[in-house]
Every structure is written in C-alpha cells, then in structure tokens.
Amino acid sequence: MNDPQPPSPRLALAGDRLELDGTPAVLLCSSVFPFRLPADQWEHRLDLVRDSGYRMIDLYVHWGFHEQEPGVIDLDSEQRDLRRFLDLAQERELLVMARPGPYICSETDGGGLPWWLHGDAPTAPSALRTTDPDYLAAVDRWFGAVMPVLADAQTTRGGPVALVQIENELDFFDCPDPEAYMTHLADRAREAGIEVPLIACAGQGDLAGASGDAPGVVPTVNLYPADSSTTFDEETRHYARVLGDRDLPLLVTETNRVHRTLRREILAGARLVAPYLQTSGFDHLVLPSAGNWGDPGNLMTHDYDFDGYLTPEGRRRPEYDEARDLTATLTAWGGRLAAAAPVPLDASAVTDAAGGPVMGGALALPGGGTIVGPAALGAEELPVHLRSASGIELTAGVPAGACPFWALDVPLDPWGAPGTLRVATAELTGVDSRPEGLTLSFTGGDSAEVRLAVPTAGGGEELLELRGPGRAATVQAAHAVSVRISEPGPRLADPEPALHAAGGELLPAPAVEDLLDARPVPEGALPGAEALGLADGRVAAELEVPAGASGLLLLGAADLVRVSVDGTDRGVHGTHGAPIRVPLGPASAHRLQVTAEIWGRANFDDARLPALRLGAGRGLGTVLAIHGSTDLTDLWEVRELPDRRARGRLDQPPLRGLGGWSSASPGRPVRYGRTLPAPAEGNAQVLVLHGLTEPVRFAVGGEAEQLVTPGSPVVLLPSGGPAEVEVLAPHVPGGLLERVELLTVRPPRVTSLRTAREEDLAARLTERAPAAGAGAPLPREGLRLDAGERLLVRLDAAPAPAGPGRLLELAGEDVEVTVLVGGRRVSRHVLGAPAVSGGDAHRSWIPAGWSDGDPDDVLLLVEALGAGGGMFGGARRAAVPR
C-alpha cells in the first residue's frame, strides 16, 4: 500500500477464536461492492459502514466486470480501481474480506463468471467450476492479475485484506472433484503471495463440498434462516461445535441483515458475522442474473436491495441504528465476550414467565459469569424470568423484535475492580477502567435494571441497585465503582425522500429493430448471443414459415422473448429456456419475427429450466415449425420394475401408458421404452410431455441420460433413422403426466439477423429522440399501450440534485421501462409479468454526474409486454440528499 496509514491489525484464527493482534474479537462485516456503486460514492458508503461500528467489509471482486473481453483485465480504471478501493478501506480502518471468485454468485450475470465463458462463445469451456483445463486456464489468468493486488494489500504487509475467499458456495454446485478444484485455486492464490487465511463458504452446510477439504482452506458457513426461526440458535451452535472440533472458529460469511438474528449468531458462538448486503447497490454497470427465486421464470431487479441498513442510494434505514447499538455493546464487552463459550439459554436460569424455554442464547464468560440473550420473536413484548447464582430473581420484558445482551453473575475483576455484576437487564455499552475507579455505562428503557455488589473494607459488601434510564450511582467501597443507565442515543435513520409527480412529453418512438445492426444470415441453426459476441443487448431474426405449419416451437430462447407473426405481436415471454409454443393457421405461409433481450445469465445451476443452468447462453435458441402431431401416450413397454431389478429387462414387457404402471412402491423408478419411426427427410421430431409433474430421465439411442423437467418437458430427438427411447420415471400416484405428443418439426428459413449491444441501443435511441417540445404532454392518468407498442417519454426538467443522485419511481403494468440518461442506459424495469425479485422493480436511481449533457434529459423507453398490451402509469421522482 502507498498510504501512510498505520498498519491494520493482523487477524488470526486461534482455535475456536478469532484474534486481532492477539486479542480475541468478534467482527461484524458489511458487504460493499464497488461494481454496484459509482466510484465517486465509494468513500461515502465506507464512511457510513465505519460509523455504524462495523470493522470489516465483504468485497466481491467481479471477474466478469474486470475482464469484459478475454485477456483484457482492467483493475485500474476509475470504476474498476481495486487498489484505490482498498486504500479507502484502510483509511477508515476497515478490514477487508476479499472474495475474488472466480465464481461469486451475488445475483449477478453468470455469478460473476465472464459472459464469454457461456453458451456457444468460442472461448467457452466444456465445464465451469471444475478442473476442465480450458476453464482453469482462464481462472489462472484472472487469479494471476487479481491475487497480486490483494496480496500487496494484506494485513501481513500493512494493508486491510485480512481474509481471502476462493470460490463461493460450491456445495450448491455438483462439482465432480471439489478437492482437486479447490486445491488448484488455493495453490494459485498462495503462489500469487496470499498469506492471510484462505476461506471457502458453504451455502447449505456441506463443509467438505464447499471447501473440498483442500489443504489450508478454512471452511465457513452461510446461514439464511427465517428471522423468526425457533431452531436457529441450535443450528448455529451445531456449526460452532463442528468447526470447534476442527480447532476452528465459526465464521458466518453470509447471513440475514436483521440485528436480532446477528445477535443470536454471536450468542451461539459466531466470531465473524457478515450480513449479506447491509450496503445495497444498483446494477448500473453489470447485468443482474437470471432469476431462480420462487417462479423459476422470474427476473432479478437492477435495484439490488434486500432491505440492508443502507439503501442503494445511500440512506440509512432503522437497522443502521440497530447496528450502532450492537457494536457499542460488543466494544464494551471486548475480548471477554469474544472468548466466551456458547451455551443454551435454558442452562443459564432464563425462562419465560411460565418457566418454559426462551429462544436466544448465552455466552459463558471466561473467569465466570454469563451474557444472556433472550430473543423476542413475536410482535409483543416477551416477559422473561432471570435467576442469578446469588439468588436474585426478577422478571424483565424483552421488547418485540429484540435480543438484548444482559448479564448474570459477571465478576468485575477483569475490569480492575472487585465485585460482581449480579444482574443487568440493561445493555452494557461502555467500560472505563482507571486507577481511581471503574465506570460501567448501560443503555436501557424504563424497565432496565442493574444490581451490583462490591466488597467493603470490613469484609461485607455494598449493594448498588439502579432502575430506569437517567439514573447513576457510585459505590465508594474498596474500589470506586460507578454505574449509569442511559436512554438509547439519537436515531440516525434517514427519512424516505418525498417523491413528486414528474410530468413529461410523449415522443415518436423509433422501431427498436431498426436500430439493430444487420448480421450475416446463418445457413443452419441460429447462433447464440455469445457466438455473436454479445454480452448484453438484443438479437432479432426474421424467418419464413412455409404453408402447412400448424404452429411454432421455440426451444432454449432467453430471456425476454418477443414473437410477432405476420406483423401481429403475440406478446413477450419471460423465459429462461422454457419452450414457447405459438399456434398458426396452417393454410398459408407466414412471416415470423423473434426478438430476444438479454437480461442476465444464470448465477445458480438450476436444472428446472435450460437457460438457468450455469454456463447456458442467451439468444433466440432453436426455432422450429410444427408440421405434424401424433399422440404417443399409450403403448409404452414397461421394461424394468423396481421389484424385479434382479431379472433385468422383463421377458414379456407389458404395454402401458407412459407413467401409467401402478406400482406398490410409489416414488421408485420404472423404466419405459419404445422405438419411434424415423421422420421423413428434412424433418426432425420432438417429444412433448404435457402436464409432467416430476423430473424424469430420457436416454435416446443408447446415449447418456438427459434430465427432463416439468418446466421444460421436451426432448429433441436426433435426425436420421428410428429412435430407441427409454424413460426412467418414478411411479406417481395420481399420474406422472397428462399425455405424450410427438411433433414433426423443421426449421424455417432465416431471412434476416440483427443485433445490438445495450449501450449502442441506448445511444441510438437518445440520438433519434426529437428535441424537447416536439411531443404531446404525458397524460396524468397514464396511458394504455397496444400489444407490441412502444413509447418514448421525456421527463420534464427538474433542478439538478445537490446530493448523490435522483430517485425515480415508475408505475405501470405489463410494460418494460428502460431509463436513459445522457445516452446511457441507467436501468431496466419489468412492471407486472414476468415476476421480478431482488429489490424494488419500480425504482431507479440516477447517480449524479451520469449525464454527459443536460442532467435533466431523462428518457424512458416504454414497451408493452402483454399480448393484450400494457399500461404505463407515469413517474415520480425525488432528489436524494447527502
């Protein structure tokens, strides 16, 4: 580091403890992702993290953001200046948990793996997140660039980087040899100079699957409970025990943002607690991932916000105040809490008012005494009964939603004074130990109580009892001990900015397809977006469908797919490779236009839809015209039954409908088979499993089995001779599927192929926009769009913001809105169907300084998504104060 700042403390994993310069510590860590924040706002977010009391940041280093083209790695330009970001963290005395991947997840395009590793890109390897040689060669190039930067900034060299994570939640992915893969990554990191602990996080508790048990790689845990879970305390203690048996501390590298949950983790033995996305952001500079939460066809928002303590635009939420409260008590307890052993709360003489168990946890302090943390999980105050070892019994109320750190039977000796803190139902927030005496500061409400005993010179003891805030007293015994109880400090949460209606004018919208660049027309299959060199943007094709076709079938298209037949828009399908079937009138030939808009590549490996598989590409997929249909539901041979496996294939296979064999072993697999006739020359065949309820496995022509899921119940059969098909399917009482259809298909002729990158499309839309005053006023009540209709809206001018930027709130139903400023795309919003997750789909944040020209020139491209059109309800906006 070039900064003259004092060196950061060194972090060590000492048995089941975490130590900073040899002192036990508990660290709170907030994620801060520079690729989701404008570079001129990095300092502001880091200042807020420091002021919250958190002492560490979680830093994803997004491979795809830094290596947008193979072999061109940018770690130095303004928005990608990793060294500067690390310097800013050290200036604020923030430690860094660096997570350079190669895979990071983070609900971002491809999980951070560059777009050129996906689909049919020439540089795509055969397998990601494995020891595939082509993949590892790309990873080695990335590690060879990023690891030396992190190594130079390590705490061992005076910088802030205290931990380096390799990979991310590998246990969610079916890596065939995690030990070999993780060992390779660890070796490359060490060769590049990494000396601090290397960690690997488990997303669902499989420590070996996440770390590979690779030598020198420390497993950590990501915990995402329901915040009201009644079993979470024991779950966390379980991982503390498992890791303790390995002589390791429990490091929770991702978890929820609610501080009651974070307190429960600390009480259960966690030494590092890193709530994921306390500092929210925005996908201005990277694409979000394809969605896989809830409905697998959904999309992730560009507003990346899970209600952390800082909003995407940098406002403090009430959870920020909770952070300051927790860090105050952690600082006060210091190393005593950080070296304490977790114990169940019911072992600490804490029960509910009826003597029953209470959720939460406790920490047995070294040298005696206990910190108890009863958690109120309901909507009402929780009365709890406490009993100290000295016989004091009292009932205190835990506020709804709280998990306070109270004290029982805590010796004062480690703070330099004789005596015992018998009971405190206020939270310790300050310890001042001086030769002239000890001062303990507590924070609490009206029912807060502190009882303390200090020995006198005559051999007795003097008692001090305080109740309620604003109270203070001093015991002048063998050693002066002062106690005060204060009310909670001022709340710092920022108010929600007031949004005001933004008027505007309607402008003639150019046809988006006319803004795309012509590409050579392929003779065979349509290329994917990656083969066309597109990281993002749109792909459009025109095709001729000959007479006689009864419908269209699109396989593998992603993500927003618009279909138009003979100039009539059939609506937009939000799909991640799910089949799209469009009926046609068979009498005449048809002109087909299909457009695919890239939203983002998969960040998980989700088998439910083809384009949700990690590494899947984007684009138009396979377009087929349907020229025949045959019902194949019945007359399948039952070739193998679960109770006759020893006999292999049946001597006389019965004929049944696919999935129709009634077995005495529900859920056990049955093998069906049949031979399909060869299609006519020039045709292909597709099997469609209508109403499929469970995943099944198909083997065609003796090839390897392929998974067929309810979300994509189709099998494209090979061309050529007769096809031998076998299906391994579970017996499902009530039915596996409705019917099986064999389609005869052939690809229509492609007559045009056009593409544009997102940034080019935004610039061209801005260039083509008429001058201000050329349009009609935007109706206050909004307006209806017909199917396929597009509008261009220019918002009225507003004063330039003095703070970090402006918020826009968009209203509408079944429309997509693209926000353009200064010729750049700021954000995209799908309002209505398909479903959107991960933040507020209606909100856009326009950072200050993003416009190269008029800062008030905000354009909105509004496109109807539904086959019945859509509704745009206008916009509201507000400046965001600093």
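Residues are numbered from 1 along each chain as its sequence is written, and side-chain values use heavy atoms, with hydrogens and water left out. As the model is predicted, local features need pLDDT of at least 70 and side-chain atom pairs count only at pLDDT 80 or more, while totals for chains, interfaces and linings use all residues.

1. **Aromatic pairs.** The structure holds 15 aromatic pairs. Rings of Phe, Tyr and Trp (its six-membered ring) pair if their centres lie within 6.5 Å; planes under 30 degrees apart count as stacked, over 60 as edge-to-face and the rest as tilted. The F33 and Y60 ring centres are 5.0 Å apart with planes at 35°, so this pair is tilted. F33 sits in the loop between β4 (27-31) and α1 (42-52), and Y60 in strand β5 (residues 56-60), so the pair ties together parts 27 residues apart in sequence. Helices (H or I, at least four residues) and strands (E, at least two) are DSSP runs, numbered from the N terminus. Both F33 and Y60 are buried. Buried means under 20% relative accessible area, exposed over 50%, partly exposed in between (1.4 Å probe, protein chains only).

2. **A second pair.** For Y309 and Y320, the ring centres are 5.2 Å apart and the planes stand at 65°, so the pair is edge-to-face. Y309 is in the loop between β14 (303-304) and α9 (318-333), Y320 in helix α9; they are 11 residues apart. Y309 counts as buried at 0% relative accessibility. Y320 is buried too, with a relative accessible area of 1%.

3. **Ring cluster and charges.** F33, F35, Y60, F65, Y276, Y304 and F306 are linked into a cluster by ring pairs. Two arginines sit over rings of this cluster. The charged end of R36 is over the ring of Y304, 3.6 Å from its centre. The charged end of R80 is over the ring of F65, 3.9 Å from its centre. The criterion: NZ of Lys or CZ of Arg within 6 Å of the ring centre and within 35 degrees of the ring normal.

4. **α4 against α5.** Helix α4 (residues 133-152) and helix α5 (residues 178-191) pack at about 30°, with axes 10 Å apart. Axes are lines fitted to C-alpha atoms, for helices over the stretch in contact, and angles run from 0 to 180 degrees between N-to-C directions. α4 and α5 are therefore roughly parallel to each other. Angles under 35 degrees count as roughly parallel, over 145 as roughly antiparallel, 65 to 115 as roughly perpendicular and the rest as oblique. Their crossing is right-handed; that is, the near helix is turned clockwise from the far one by less than a right angle, anticlockwise being left-handed. On the α4 side, Y135, L136, V139, D140, F143 and M147 meet Y181, H184, L185, R188 and A189 of α5. Contact means heavy atoms within 4.5 Å.

5. **α1 against α9.** These helices pack at about 45°, with axes 8 Å apart. That makes α1 oblique to α9. L48, D51 and S52 of α1 make the contact with Y320, A323, R324 and T327 of α9. Y320 also belongs to the edge-to-face pair with Y309.

6. **Helix α3.** Seven of the 10 residues of α3 (residues 82-91) are buried, so the helix is largely enclosed by the rest of the structure. The buried residues are L82, F85, L86, D87, L88, A89 and Q90. They pack against α1, β5, β6 (95-99), α4 and β7 (161-165). Just after α3, E93 takes a positive phi of about 60°.

7. **V793.** This residue lies in strand β51 (residues 790-795). At 0% relative accessibility, V793 counts as buried. Leaving out residues up to four places away in sequence, V793 touches E505, L506, L778, V858, L859, L860, V862 and F872.

8. **Cis peptides.** Which residues does a cis peptide bond with omega of about 10° join? They are A558 and D559, with D559 in strand β34 (residues 558-565). Another cis bond joins A833 and P834, at omega of about -5°. P834 is in the loop between β54 (824-831) and β55 (836-837).

9. **Positive phi.** D21, a residue other than glycine, has phi near 50°. D21 lies in the loop between β2 (17-20) and β3 (23-24) and counts as exposed at 58% relative accessibility. D307 has a positive phi of about 65°. Its loop runs between β14 and α9, and D307 counts as exposed at 55% relative accessibility.
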